[in-house]
Amino acid sequence: MAKSRKETMEENRARLLRAARIAFADKGFADASMDDFTAAAGLTRGALYHSFGDKRGLFAAVVNQIDGEMAARAKTSGARAGSGWDALLSEGAAYIEMALDPEVQRIVLRDGPAVLGDPSMWPSQSACLAETLRTVERLVGAGVLKPVDTEAAARLLSGAALNAALWVAAADSPEARLPKALEAFRLLASGLLAEPRASGRG
């Protein structure tokens, strides 16, 4: 049975995304060319223009895809930590740790801000913020966190994790900087707790 036009477009889009992720991770945004993407995907420039508009549009789609995967990985880490406060803290730490992933480091944390601007304004980051806000509201309501403004707390927690990841990725030795970022993030976040306590509760 012949594929519909919509199915063909979705397949072409997926092929271009796969090819672009490899090229952007390997060469960086500046040096990766549209010919790299189309040749690897077996498609024409017309297909790229139709699906993404231009190279920047394709890059934005790749960043959104990877950042979404990062959020899912952080969520999984949080679920393993339990629930409530421990999960929230684990999610933030997991996001920072992903700064050591070569693909994440180059595409999302190094080239992303340079090409797409302030990461806090990306759609994927907005989704993460909304999820963090819901968790903070629940924890404040349960008395786990101090009676702080929930939006302010959610924005500061999300911003701290994001900026820590950016700081790690920018280092000459990200592996050496990571423990410092994680320790500072945990100390800052723990200031929101209603009562100091060991992990495993909340």
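A residue is called buried here when its relative accessible area is under 20%, exposed when that area is over 50%, and partly exposed in between. Keep that scale in mind as we walk through this predicted model.

Is Thr-132 buried or exposed? Its relative accessible area is 12%, and because the cut-off for buried is 20%, Thr-132 counts as buried. So who are its neighbours? Setting aside residues within four places in sequence, Thr-132 is in contact with Leu-88, Ala-154, Leu-157 and Ser-158. With Ser-158 there is also a polar contact, side chain to side chain, at 3.5 Å.

Now step back and look at the whole chain. The protein is divided into domain 1, residues 1–53, and domain 2, residues 63–190. Taken over C-alpha atoms, the centres of the two domains are 29 Å apart. Where the domains meet, eight residues of domain 1 are in contact with eight residues of domain 2.

What about the inside? In soluble globular proteins, nonpolar side chains tend to be buried together. Here, the largest nonpolar core has 62 residues, and the ones with the most contacts inside it are Phe-24, Phe-37, Trp-85, Ile-96 and Leu-145. Helix α8 (residues 150–169) gives the largest share of this core, ten residues. Both domain 1 and domain 2 give residues to the core, so it lies between them. Pick out Ile-96 and you can see how such a residue is surrounded: leaving aside neighbours within four places in sequence, its contacts include Ala-161, Ala-164, Val-168, Leu-178 and Phe-185.

Next, follow helix α4, which runs over residues 55–81. How far apart are the end C-alpha atoms of α4? They are 39 Å apart, which agrees with the 39 Å that its 27 residues should span at 1.5 Å a residue. Just after the helix comes Gly-82, which takes a positive phi of about 125°. Along α4 you'll find a set of buried residues, including Leu-58, Phe-59, Val-62, Ile-66 and Met-70.

Charged side chains make links of their own. The count comes to ten salt bridges, and a few are worth a visit. Start with Glu-11 and Arg-15, whose closest N and O atoms are 3.7 Å apart. Why does this pair sit about one helical turn apart? The two residues are four places apart in helix α1 (residues 5–31), so one turn of the helix separates them, roughly. Glu-11 is partly exposed, with a relative accessible area of 32%, and Arg-15 is partly exposed as well, at 25%.

Other salt bridges reach across the chain. The side chains of Glu-69 and Arg-21 meet at 2.9 Å, N to O. Because Glu-69 lies in helix α4 and Arg-21 in helix α1, this pair ties together parts that are 48 residues apart in sequence. Glu-69 is partly exposed, at 34% relative accessibility, whereas Arg-21 is buried, at 14%.

Lys-75 and Glu-91 form another salt bridge, at 3.8 Å from N to O. This one links Lys-75 in helix α4 with Glu-91 in helix α5 (residues 84–97), 16 residues apart. Here Lys-75 is partly exposed, at 36% relative accessibility, and Glu-91 is buried, at 18%. The story goes on from there, as Lys-75, Glu-91, Glu-131 and Arg-134 are linked in a network of salt bridges.

One last stop is Gly-117, found in the loop between α6 and α7. Gly-117 is partly exposed, with a relative accessibility of 27%. Which residues does Gly-117 touch, not counting those up to four places away in sequence? It touches Gly-112 and Trp-122. Compare its position with Leu-178, one of the contacts of Ile-96: Gly-117 and Leu-178 are 61 residues apart in sequence and 24 Å apart in space, C-alpha to C-alpha.

Key
Residues numbered from 1 in each chain as written. Predicted model: local features only at pLDDT ≥ 70, side-chain atom pairs only at ≥ 80, totals over all residues. Heavy atoms only, no water. Salt bridge = Lys/Arg side-chain N within 4 Å of Asp/Glu carboxyl O. Buried < 20%, exposed > 50% of the residue type's maximum accessible area, 1.4 Å probe, protein only. Polar contact = N/O pair within 3.5 Å; in protein donor to acceptor, adjacent residues only side chain to side chain. Contact = heavy atoms within 4.5 Å. Core = buried A, V, L, I, M, F, W, Y, C linked by side-chain atoms within 4.5 Å. Domains from an automatic or database assignment. Expected span 1.5 Å × (residues − 1).
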